[in-house]
Amino acid sequence: MKLLFWISGLLLIPLAGSSIFFFVLYLSTGEPVPKERAKALYRWSVVVVLGTFDIWIFARVIDGIKALIH
């Protein structure tokens, strides 16, 4: 599970950082393109976080089922 969290963290850092960068760029310029990029990168960040949470939950469920069987 540590490997999963490390991979998730390494993916989340550039995604969230880029999203924040483009949102600040949108706030400073008012252009629509940085806003769309910030929204897209934010959505990918959410996918990474929710996917990691989903894998963590299913791993715990499978471990619980294994414990019940033994």
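Let's start with secondary structure: the protein chain comes to 2 helices and 0 strands. Please keep in mind that this is a predicted model. Helix H1 covers residues 2-29, and helix H2 covers residues 32-69.

As for what is covered, 14% of the 70 residues count as buried. The accessible surface of the chain comes to about 5,700 Å², and carbon and sulfur atoms account for 75% of that.

Now to a feature of that surface that you can find on your screen. Which residues form the nonpolar patch on the surface? They are Met1, Phe5, Phe53, Ile55, Trp56, Ile57, Val61, Ile65 and Ile69, and together they have about 850 Å² of accessible area. Helix H2 gives the largest share of the patch, 7 residues.

Let me walk you through a few members. Met1 sits in the segment before H1. Its relative accessible area is 45%, so Met1 counts as partly exposed. Phe5 belongs to helix H1, and Phe5 is also partly exposed, because its relative accessibility is 42%. Then there is Ile69, which is found in helix H2. Is Ile69 buried or exposed? With a relative accessible area of 65%, Ile69 is exposed, since the cut-off for that word is over 50%.

Met1 and Trp56 are 55 residues apart along the chain, yet their C-alpha atoms are separated by 7.5 Å. Now take Ile69 and Phe53: these two are 16 residues apart along the chain, and 25 Å separates their C-alpha atoms.

While we are talking about Met1, let's bring in Pro14. Pro14 has its place in helix H1, and a relative accessible area of 44% makes this proline partly exposed. From Pro14 to Met1 we count 13 residues in sequence, and in space the C-alpha to C-alpha distance is 21 Å.

Let's move on to charge. The protein chain has 7 positive and 4 negative side chains. The centres of those two sets lie 4 Å apart. In general, side chains of opposite charge can pair when their charged atoms come close.

How many salt bridges does a search of the whole structure find? The search finds 1. The partners are Lys39 and Glu36, whose side chains meet at 3.7 Å, N to O. That pair counts as a salt bridge because the cut-off is within 4 Å.

Notes. Residues numbered from 1 in each chain as written. Predicted model: local features only at pLDDT ≥ 70, side-chain atom pairs only at ≥ 80, totals over all residues. Heavy atoms only, no water. Helix = DSSP H or I, 4+ residues; strand = E, 2+ residues; numbered from the N terminus. Buried < 20%, exposed > 50% of the residue type's maximum accessible area, 1.4 Å probe, protein only. Areas by Shrake-Rupley, 256 points an atom, 1.4 Å probe, with all protein chains shown as cover. Lys, Arg positive; Asp, Glu negative; His and termini not counted. Charge placed at Lys NZ, Arg CZ, Asp CG, Glu CD. Patch = residues over 30% accessible without salt bridge, like charges linked within 9 Å, V, L, I, M, F, W, Y side chains within 5 Å.
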